[in-house]
Amino acid sequence: MPICPSCEYRASEWKNIASHMYLMARNSDPSHVMWMNRNLTMKEVDVDNLSIMLENFFSIKDNLSFWIREKFIQKFYGESPHPFILAMQNPTRGVLLGYVIEHQHFLKNWVKVLSEIIFKTDVEEVIKYELENINVEYFGYNGRPSHYELLIRMGESLGMPREKILSYKPLPSTQSAINTWRKIAFESNWVEIMAAMHSLELVADKTLRKYGAKMHYFNETILSSNDFPKEVKDFLREGYEADQTHAGEALKLVDKYAEDPEKIQVTVLRSFDAFAKYLTARLERGMEFDKNLIKVVL
């Protein structure tokens with residue numbers, strides 16, 4: 001059943017949702033106006049055209065996971081890739097330190113939110129999947145360091161002591177994004193949480209280019225370059241190799257257990273907005289070490 005992507009008002013037809021959003025926009029409601037500006041158009045359109053645009057936007061042509069992948073690429077890898085991804089094509093020390101300092105907070109929140117999925121489901125394959133993910137991210141596996149530990153080592157290799165890295169509080173944009181994901185965790189069912197969180201792992205999925213992404217998450221030559229410390233390459237390689245599998249398997253589970261795809265779509269889009277804000281926070285932090293990054297952010 002169609003659902004308003006801003007306030008989650010439901011109706012039997014997209015035309016009713018379009019009428020609702022048109023009215024809210026005419027009343028200058030910030031949430032509805034911003035959603036339409038970000039996702040559909042910044043021009044005023046009538047109800048009939050808005051209805052068509054909404055139906056096309058939310059239309060699932062293949063399966064839900066394909067729709068999620070398609071929207072992720074459009075938002076982060078499309079005609080205007082996110083500035084952080086552009087910066088990762090030739091990352092400076094400032095970009096990487098901004099990544100380290102803000103991402104430690106993301107990863108701590110990540111395992112907390114995944115724990116909420118486990119709490120809310122009785123599906124054994126989902127519980128096992130999430131426990132494995134938490135293990136890889138926070139404890140390591142088969143004798144290999146965790147993703148969290150590799151992140152901190154990357155920061156140390158760039159000249160920042162571990163104690164200093166861990167002393168940073170998250171920037172307001174990072175905290176705002178974390179608050180969004182915690183709200184999703186508290187208010188949504190486990191399938192929605194899975195879709196909202198694991199779709200973010202698509203960011204490092206190296207298969208995205210065959211689906212239309214303009215570039216990889218980072219310039220792959222970094223992994224064989226002598227210009228970066230081993231610890232930088234170790235961290236980037238780990239995520240690059242793991243996230244393709246993680247995102248793909250999680251989205252298969254979302255397809256399998258989704259009972260309310262429209263609600264999942266809206267929740268995923270909310271998570272994408274938080275992620276965009278969080279990626280920008282990495283650059284904002286990086287400007288403390290590289291003033292030239294302001295040219296990337298603006």
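This is a predicted model: local features need pLDDT of at least 70, side-chain atom pairs count only at pLDDT 80 or more; totals for chains, interfaces and linings use all residues.

Biologist: What does Lys 214 pair with?
Modeller: Lys 214 forms a salt bridge with Glu 79, and their closest N and O atoms are 3.6 Å apart. Lys 214 is in the loop between helix H11 (190-198) and helix H12 (230-257) and Glu 79 in the loop between helix H4 (64-77) and helix H5 (83-87), so the pair ties together parts that are 135 residues apart in sequence. Helices here are DSSP runs (H or I, at least four residues), as strands are (E, at least two), numbered from the N terminus.

Biologist: Is Glu 79 buried or exposed?
Modeller: Glu 79 is exposed, at 70% relative accessibility, and Lys 214 is partly exposed at 48%. Buried means under 20% relative accessible area, exposed over 50%, and partly exposed in between, with a 1.4 Å probe and protein chains only.

Biologist: Which residue does Lys 120 bridge to?
Modeller: Lys 120 bridges to Glu 116, with the closest N and O atoms 4.0 Å apart. The two are four residues apart in helix H6 (residues 93-120), separated by about one helical turn. Lys 120 is partly exposed at 29%, whereas Glu 116 is buried at 18%.

Biologist: And what about Glu 149?
Modeller: Glu 149 meets Arg 153 in a salt bridge, 2.8 Å from N to O. Both are in helix H8 (residues 147-157), four residues apart, which is about one helical turn. Arg 153 is partly exposed at 35% relative accessibility.

Biologist: Which residues are linked in a network?
Modeller: Glu 8, Glu 192, Lys 263 and Arg 270 are linked by salt bridges. Glu 8 sits in the segment before helix H1 (14-26) and is partly exposed at 25%. Its phi is near 65°, a positive value in a residue other than glycine.

Biologist: What is phi at Asn 142?
Modeller: Phi of Asn 142 is near 50°, again positive in a residue other than glycine. Asn 142 is in the loop between helix H7 (124-139) and H8, and is exposed at 74%.

Biologist: On to packing. At what angle do H6 and H8 pack?
Modeller: About 155°, with their axes 9 Å apart. Axes are lines fitted to C-alpha atoms, for helices over the stretch in contact, and angles run from 0 to 180 degrees between N-to-C directions. H6 and H8 are therefore roughly antiparallel to each other; angles under 35 degrees count as roughly parallel, over 145 as roughly antiparallel, 65 to 115 as roughly perpendicular and the rest as oblique.

Biologist: Where does Tyr 148 come in?
Modeller: Tyr 148 is in helix H8 and is buried, at 13%. Leaving out residues up to four places away in sequence, Tyr 148 touches Gln 104, Leu 107, Lys 108, Glu 137, Tyr 138 and Leu 166, a contact being heavy atoms within 4.5 Å.

Biologist: How do the axes of H6 and H13 cross?
Modeller: The axes of H6 and helix H13 (residues 261-286) come within 7 Å and cross at roughly 130°. That makes H6 and H13 oblique to each other. Among the residues that meet are Val 95, Tyr 99 and Phe 106 in H6 and Tyr 278, Arg 282 and Leu 283 in H13.

Biologist: What is Phe 84 in contact with?
Modeller: Setting aside neighbours within four places in sequence, Phe 84 contacts Val 95, Tyr 99, Tyr 217, Leu 279, Arg 282 and Leu 283. Phe 84 is in helix H5 and is buried at 0% relative accessibility. Phe 84 and Tyr 278 are 194 residues apart in sequence and 9.8 Å apart in space, C-alpha to C-alpha.

Technical notes
Residues are numbered from 1 along each chain as its sequence is written. Side-chain values use heavy atoms; hydrogens and water are left out. A salt bridge is a side-chain nitrogen of Lys or Arg within 4 Å of a carboxyl oxygen of Asp or Glu.
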